[in-house]
Amino acid sequence: MLKKANKNELILDDLEKALNEISNSSLGRESEEAFIGIFEDIDLKSSKLGNKLEDKNESISKILIQLSKIDFKLEDQDKNVIGDAYEYLISQFALSLDKKGDLYIPQQVSKILAKIVTLEKKQI
């Protein structure tokens, strides 16, 4: 998808398929409930991304290209860079919709919820 984005080729359908595959990858597994429908609120064809399909594709492509430049330092177990990036993007999205309380949970609350959910679990 990144190669297509750099060439300004259409990626919206590919991205939608990829998100569906991620969501469906947990079918029949313990994590199924957590992943089913996880991306259902994402609207890649929203008019907020542009009026024409090409404009929407360009907006999403720019985001994908910028994300590809981030060094997520996956080898660094002490930092949750992906989680921090996700939290930042969600907070910015929530602010843009002016519904911060409905869509955004502060990091401190998220950490408490994560500890509660994983309490006494030997494997996640």
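Guide: Helices (H or I, at least four residues) and strands (E, at least two) are DSSP runs, numbered from the N terminus. This is a predicted model, in which local features need pLDDT of at least 70, side-chain atom pairs count only at pLDDT 80 or more, and totals for chains, interfaces and linings use all residues. Residues are numbered from 1 along each chain as its sequence is written, and side-chain values use heavy atoms, with hydrogens and water left out.

Visitor: Where is Ser26 found?

Guide: Ser26 lies in the loop between α2 (12–24) and α3 (32–35).

Visitor: Is Ser26 buried or exposed?

Guide: Buried means under 20% relative accessible area, exposed over 50%, and partly exposed in between (1.4 Å probe, protein chains only). Ser26 has 2% relative accessibility and therefore counts as buried.

Visitor: Which residues does Ser26 touch?

Guide: Contact means heavy atoms within 4.5 Å. Leaving aside residues up to four places away in sequence, Ser26 touches Ser31, Glu32, Phe35 and Ile36.

Visitor: Which residues of α4 are buried?

Guide: An α-helix has 3.6 residues a turn, so residues three or four places apart point the same way. In α4, the buried residues are Lys56, Asn57, Ile60, Ser61 and Ile65. They cover an arc of only 165° around the axis, which puts them on the same side of α4; the arc is that of the directions from the helix axis to the C-beta atoms. Among the elements that cover these buried residues are α1 (2–6) and α2.
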